[in-house]
Amino acid sequence: MKAVEHEFLKHMTTMDDASLRDIMAQYGSDIWNYAYFLTKNRELADDVTQDVFIKAYYRIETFRGQSSLKTWLLTITRNTAFRYRRSTFFRKVNLFASITSIQSGRSAETEYMEDRYVDDIWDVIMKLPDQYREVLVLDIRYELSTEEMAKLLNIATGTVKSRLHRAREKVEQNLKEVRS
């Protein structure tokens, strides 16, 4: 289902199962990955993702088409993840798993070195303060424009640009330290 096909969703008052399955197929991995970046926990990312699609299913009438469906779902993900993070369960359980890049056709040595570098980058990104990590992930992983990020995060476009700049500087500085 392409963005143009989502146009009809802004007129829905209830969502049918087929539409939900299509949306889950198209955006499921994006939603899960974003939830993981926000919570740093695979099990919580599973729970958040499930809640996001349940909320989308039961609250489709709140989608007015003022943003893309993806941005709307990412907003729900962000709010849901923050609710989870505030819960006492999250404070007690904080697991971190490294993110690896899966590619083929490389020598074992090259693969190890590249994977190691990717792990180092993601380790640095995941240790950034939330405000910097979030804009960087939305930029790198989800390729949202600064305007879309501003709307999603409910901050000014200039603030998004500033945070992105600072986040990139922090990553670069921390990678130099890691590599030294």
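Mentor: Let's start with names: helices here are DSSP runs of H or I with at least four residues, numbered from the N terminus. The model is predicted, so local features need pLDDT of at least 70 and side-chain atom pairs pLDDT 80 or more, while totals for chains, interfaces and linings use all residues. Residues count from 1 along each chain as its sequence is written, and side-chain values use heavy atoms, leaving out hydrogens and water.

Trainee: How do H1 and H2 pack?

Mentor: Two packed helices are described by the angle and the distance between their axes. Here H1 (residues 17-39) and H2 (residues 42-58) pack at about 145°, with axes 8 Å apart. (Axes are lines fitted to C-alpha atoms over the stretch in contact; angles run from 0 to 180 degrees between N-to-C directions.)

Trainee: Which residues of H1 and H2 meet?

Mentor: Contact means heavy atoms within 4.5 Å. From H1, the residues include Ile-23, Met-24, Tyr-27, Gly-28, Ile-31 and Trp-32; from H2, they include Val-48, Thr-49, Val-52 and Phe-53. By class, this H1 and H2 contact has 14 nonpolar, three polar and three charged residues. (Ala, Val, Leu, Ile, Met, Phe, Trp, Tyr, Cys and Pro count as nonpolar, Asp, Glu, Lys and Arg as charged, the others, Gly among them, as polar.)

Trainee: At what angle do H1 and H6 cross?

Mentor: Roughly 160°, and the axes of H1 and H6 come within 10 Å. That makes H1 roughly antiparallel to H6 (over 145 degrees; under 35 is roughly parallel, 65 to 115 roughly perpendicular, the rest oblique). Tyr-34, Phe-37 and Leu-38 of H1 touch Arg-133, Glu-134, Val-137 and Leu-138 of H6. Five of these contact residues are nonpolar, none polar and two charged.

Trainee: And how are H6 and H7 set to each other?

Mentor: The axes of H6 (residues 130-140) and H7 come within 10 Å and cross at roughly 135°, so H6 and H7 are oblique. Glu-134, Val-135, Leu-138 and Asp-139 of H6 meet Met-149, Leu-152 and Leu-153 of H7.

Trainee: What lines the largest pocket?

Mentor: Rolling a probe the size of a water molecule over the atoms shows where empty space is left. (On a 1 Å grid over the protein atoms alone, using a 1.4 Å probe, a pocket is an open set of points with protein on both sides within 12 Å along at least five of seven lines; lining residues have an atom within 4 Å of a point.) The lining includes Phe-63, Arg-64, Thr-71, Trp-72, Thr-75, Lys-151 and Leu-152. H3 (69-86) and H7 (146-153) each supply at least two lining residues, and the largest share, three residues, comes from H3. The lining has three nonpolar, six polar and two charged residues.
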